[in-house]
Structures are given as C-alpha cells and as structure tokens.
Amino acid sequence: MPCTVRIAGPLRSYTNGAASTQANGATVAEILADLDRRFPGMRFRMIDEQDRVRQHIRLFVNTKAATLGEQVRPGDEVHVICALTGG
Amino acid sequence: MAATLWIGTRKGAFALRPDARRRSFKLSGPQFLGHVIHHIVADPRDPKVVLMAAKTGHLGPTVFRSTDRGKTWKEASQPPAFRKVVDGEEARAVQAVFWLTPGHASEKGTWYAGSSPAGLFRSEDGGATWEPVAGFNDNPMRPQWAPGFGTPGGELLHSVLIDPRDAKHLYLGISVGGIFESADAGRSWAPLNGGVEANFLPTPDAEFGHDPHLIAMHPARPDRLYHQNHCGIYRIDRPAKRWDRIGNAMPRKIGDIGFPIVLDPKDPDTAWVFPMDGSTVWPRTAIDGKPAVYVTGNAGKSWRRLDKGLPRSQAWLTVFRQAMCVDAGRPLGLYFGTTNGEVWGSTNAGEAWRCVARHLPQIFSVTYAP
C-alpha cells in the first residue's frame, strides 16, 4: 500500500500541478527515489549531491519532522515543505 | 529569425528582440517567473540551442535547455553536481549554476558550466547531462585556490574561455580565487595572476587568491585577454605571464573598478567597461549616481567617457558582470542591464544610449543571440 506525498508548490511543475501523489517506499529516502523515477529531476531540487536535504526544504512524516532515514508505513502522509525564504 | 537579447534576472528570463534596424525592441517573457536566472547562452554552433542556468529560493540549481530558440525548455536530466564525497572529504554541493560556455567549434554538443561554490562541469550532449571536471574540482590545490572565500553572492566560477585555435586550451576565473589556465582540456591547471593587484591579501604579489570579476578573450586574437578585476582593469598578451593594469589610464576620479568588460569582436584594441564605486565600503553603484560607460580604442592606453543619453544624476545603479554585451551589427550595438531592472542600448558603439526596457527585476545577465 503506497503512502500519500504532499507536494509543495515550487515542486508541482514536476507533478503536472498535482498537490499530492502516491509513492512507494519503506523510508523517506525510498519515497523520494520513487518520486524521482516518476518525475525525473525532482529529487535533486530537494536533496543535494551529498544526500543532504537542501537548506530550505523540510520533510515530515505525518506531523513529525523527518530525516531521509525515517521509516514510512503504508498509509502515512509524507509532506515536502518549502520553508519561507527569499524576497 | 530575429536576433535576441536574453535577459537573466533575479525573477525569471526575458527576451528582447530588436527590429531589423534596431530602432524598436519587443520584450517578451517572463519565462520561469520567480526563478533566479544567472545566465542564458545561445550556442553559436547551433543557434536553435539555448541553455539557461536557473534555481529558485527554495530549490536546488539546474539547467534548462531549449532546442527551438527559447520557445520551449526541458530540464537537464543530470544537472551540474559535485561527485559524492567519501568519508573525511569536504562535502561540497552546487548552490547555483552561475556560468555557461559553449564548447569549442570542433566539439559539437560540448558545454562548460561554472558554479557557486567554485566548480567546473562539462557536458558532451548539449547540456542534457553534466559531469564534474575532476582536473579542477579534485585538483589537490583547489581547496587553496578556491577556499570558499566568496563574494556577497558566494564563491563564483566564471569566464570559462576556450581558445578558438585549440579546444584543450582553457582559462577560467574565480571570485575569489584568481585566474587559471589549462593546456590539456582541464586535466591540469596553473594560476595566471602575475601583475594583478589583490589589496585584500597580505602578500603583494600572491600567486592566487585574486578577484577577477570577468575575463574576456578576443576572438580574432586569442592571445589577447582583458579582465575587469576587483582591483582594476588589466590586459595580457600571451605568452606573457604578467597582466598590465591598463585601468591606470582611467580618470583618477572614476577609477577602474567594475564588473563587466566587453570587447569589439573585430578590433582587439577596443573594449568597454562600466565603472562603479569601489571606494570606502564598496557601494558598487554608478559613481556619484552618474552612470557611464568608458571605452578604449588603443588597448587601454587611454579611455573615453560615453554617457550621452544616460541619466545625468541620482541613478544609483550598477551593471553585473554578465550583464553587458555586444551584438553583431555595424555600427556595433552595445547593451547593458542594470541592478534596477533597466536595459540600455546603443547602436553606435556606445556613443549614444537609450533605455530599451525598464521595470524588470534585478538583471544578472544580458547576452546576444544572432
């Protein structure tokens, strides 16, 4: 059973505008890898080449802040949040 | 197909297209509204191909590619990125793709990109996929050449120049780090900063650590390079190894600080600069609020002010390093984009100026595509 991923506005150009999608994986890292398979290039905009979450991105599983190694269970909601920045 | 001035801004990409006589200019865009666009460069080997360096405030950096002169864009499938480090190594990540250079005429599809922090990348498929240039990025001296001591916008690798006579002969600049040269397609590099002042360093004749803002190679005389530095305007005629500070001939009250320098593609003795205030705390504005371009027609022996049509007072703008260019017309057209979102143009080599676009976001680059 896949989980639901809530997509932040700046990343919806990759999901054809969709605010949420389904993805498979046992960890947040696997969820993002699955997203990147379906929406190529999306992961690199969130995660840098050293596998660090970019400065203004935050990840949550349900309501809990999560790292890439956080476990995800079927039915969980993974939120990709773009923190307020810029001007 | 009309020529295009590509305008990269802090909030997206714009195109400015002159009519055949360069009397009116039609603005289109924005494309990628909200994206930070540092550089947009057309491929002289295939003018349908245009590459754009982009990021946003939230998201990581990328490159967009067009194969139809900018009508449609597709993201690089593998944007410039450093290699994954192993334990104990400095973990660097590309924060911005800052610079794009089409490869040598003989190497179709090859491009170079410079990043912040300083990194060099190469594509051999028209910008779809990029690989780090290990000879620079993993050079044992790189941590000293580019230690991350950057500009307010970060440490920048720019001015990747390719000798039109030899695809393996490259130059690049780092703000802050200096100018470097490779004779073997980027496998090895050596500093080329002799004669260049670095008044922010304790050593008066340091081998590296300088702050070149922009380097330009003359296309018809590739042994002649000019550069606008944090500490003056310089010229070198290779194989000389020391730069001459030709900015010493600028009027003393103006000085020779600025970001851009552009060359007349048909005359190696002619160059234009846009001086800015580098005094005290470095305001980086037009000097006294009176913008002016300066031109030399004798390789830097003397300079002449060109400000006809430009604001006469209270114009506290400046021009970033990629935001000044020439077109292919005769008389030569000159254009610059300002930090307050205006594009100024001249169709007589800078003798008279007029504003051809205004109310744009802060302009990072203005490039010409025939």
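Modeller: Gladly! Let's start with one cysteine: the sulfur of B:C325 lies 15 Å from the closest cysteine sulfur, that of B:C355, which is too far for a bond. Please keep in mind that this is a predicted model.

Biologist: What is a disulfide, in general?

Modeller: A disulfide is a covalent bond that links the sulfur atoms of two cysteines.

Biologist: Is B:C325 buried or exposed?

Modeller: B:C325 is buried, with 8% relative accessible area.

Biologist: And in chain A, which cysteine sulfur is closest to that of A:C82?

Modeller: That is the sulfur of A:C3, at 18 Å, again too far for a bond. A:C82 counts as buried, because its relative accessibility is 13% and the limit is under 20%.

Biologist: How many disulfides does a search of the whole structure find?

Modeller: Zero, over all chains.

Biologist: Now to the strands. How many residues of strand β20 of chain B are buried?

Modeller: Seven of the nine, so β20(B), residues 267-275, is mostly covered.

Biologist: Which way does strand β19 of chain B run relative to β20(B), parallel or antiparallel?

Modeller: Antiparallel, with five bridges joining β19(B), residues 258-264, to β20(B). The two form a hairpin with two residues between them, and B:I261 stands opposite B:V273.

Biologist: How many bridges join β20(B) to strand β21 of chain B?

Modeller: Three, and these strands run antiparallel too. In β21(B), residues 293-296, B:V295 is the bridge partner of B:W272.

Key: Residues numbered from 1 in each chain as written. Chains lettered and ligands numbered in written order. Predicted model: local features only at pLDDT ≥ 70, side-chain atom pairs only at ≥ 80, totals over all residues. Heavy atoms only, no water. Buried < 20%, exposed > 50% of the residue type's maximum accessible area, 1.4 Å probe, protein only. Helix = DSSP H or I, 4+ residues; strand = E, 2+ residues; numbered from the N terminus. Pairing = 2+ DSSP bridges. Disulfide = S-S within 2.5 Å.
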